[in-house]
Amino acid sequence: MSAVEGRPCQLTVCRGCCCGTRKKVPGVDHKAQLARLSAIDDHSGRTVPVRTSKCLGICFQANVVVVQPSQEGRAAGGKPVWLGRVTEDALVEAVDDWIFDGGPGVAPLPAVLADHVTSKDAKKPKKNKKPKHSKAAKKERHKAREKKRARAEKASGSGQRPDKDRAESKKPKKPKKPKKNKKDEKDKKARKKEKRARKAAAQA
Ligand code: FES
């Protein structure tokens, strides 16, 4: 082994809340995948150390595998390469071939892995929402209103309600109570008092 060869490539395989679970990544034999990754040898016959890790923070890319460069690769400027959506055997095979050829910094990335390169800062893509004020959104709202109106007209029978029906369906208004006039009340009391006084004077 040459001095430059030094440490071999290393693999970090995520096995957290999503990576390696059937619930989040169905249809993959996760145990077999880990075993396969753990059996990778480099061109010097060294078995590549594999470290499993808890969530690496980009679950939407599960399963995540990080290929660390060998000492030689690092010396040549190689950096750790994060791979996401490693769910097919062909991808694991490609990782094997790449490491055998020298890995990051030494051998070019296999084409099949190019679409799977990601990073620890990868952002989950947002779902495409229609902007509230877009023409399409306005059109949809208009359509919904038209539908609602048509349904209401259908339910009421012959479309628009005749004015007569509308008039009949109105509740009769209660007659308003006349407001008490305070002045009239006072006059009334004064007259009563006068009447009583006259009666008393006549009796005396
Ligand atoms: S579980 Fe692997 S990135 Fe979260």
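A cavity, for what I am going to show you, is a set of grid points inside the protein where a 1.4 Å probe fits but cannot get out. With that in hand, I can tell you that the largest cavity in this structure has a volume of about 50 Å³, and please keep in mind throughout that we are looking at a predicted model.

Let me stay with that cavity for a moment. The structure holds one cavity of 30 Å³ or more. The lining of the largest cavity is made of 10 residues, and among these Asp42, His43, Arg46, Ser70 and Gly102 lie nearest its centre.

Now let us step back to the whole chain. Its secondary structure comes to seven helices and five strands, and if you read along the sequence, these elements follow the pattern β-α-β-β-α-β-α-α-β-α-α-α. The chain has 204 residues, of which 26% are buried. Its accessible surface comes to about 15,900 Å², and carbon and sulfur atoms account for 54% of that surface. When we take the contacts with a separation of 6 or more, 67% of them are between residues 24 or more positions apart.

The next topic is salt bridges. As a general point, side chains of opposite charge can pair when their charged atoms come close. In this model the count comes to six salt bridges, and I will take you through some of them.

Which residues are linked with Arg36 in a network of salt bridges? The network joins Arg36 to Glu93 and Asp96, and we can look at each pair in turn. The side chains of Arg36 and Glu93 meet with a distance of 3.0 Å from N to O. That pair links distant parts of the chain, since Arg36 sits in helix H1, residues 30–38, while Glu93 sits in helix H3, residues 89–101, and the two are 57 residues apart. The side chains of Arg36 and Asp96 also form a salt bridge, here at 2.6 Å from N to O. This pair, too, connects H1 with H3, with Arg36 and Asp96 lying 60 residues apart.

Glu146 is partly exposed, with a relative accessible area of 35%, and Arg149 is partly exposed at 47%.

Most residues other than glycine have a negative phi, and most peptide bonds are trans. Against that background, the peptide bond from Ala62 to Asn63 is cis, with omega near -5 degrees, and Asn63 belongs to the loop between strand S2 (50–53) and strand S3 (65–68). Arg85, which is not a glycine, has a positive phi of about 55 degrees. You will find Arg85 in the loop between strand S4 (81–83) and H3, where its relative accessible area of 35% makes it partly exposed.

Finally, I would like to show you two residues and what they touch. Ser53 lies in strand S2 and is buried, with a relative accessible area of 12%. Leaving out residues up to four places away in sequence, Ser53 touches Thr12, Val13, Cys14, Arg15 and Gly16.

Phe60 lies in the loop between S2 and S3, and with a relative accessible area of 29% Phe60 is partly exposed. Which residues does Phe60 touch, if we again do not count residues up to four places away in sequence? They are Ala122, Lys123, Lys124 and Pro125. The C-alpha atoms of Phe60 and Lys124 are separated by 6.5 Å, although these two residues are 64 residues apart along the chain.

Terms used:
Residues numbered from 1 in each chain as written. Predicted model: local features only at pLDDT ≥ 70, side-chain atom pairs only at ≥ 80, totals over all residues. Heavy atoms only, no water. Salt bridge = Lys/Arg side-chain N within 4 Å of Asp/Glu carboxyl O. Helix = DSSP H or I, 4+ residues; strand = E, 2+ residues; numbered from the N terminus. Buried < 20%, exposed > 50% of the residue type's maximum accessible area, 1.4 Å probe, protein only. Contact = heavy atoms within 4.5 Å. Areas by Shrake-Rupley, 256 points an atom, 1.4 Å probe, with all protein chains shown as cover. 1 Å grid on protein atoms, 1.4 Å probe; cavity = no way out; pocket = protein on both sides within 12 Å on 5 of 7 lines; lining within 4 Å. Points joined across faces, edges and corners; volume = space filled by probe spheres on them.
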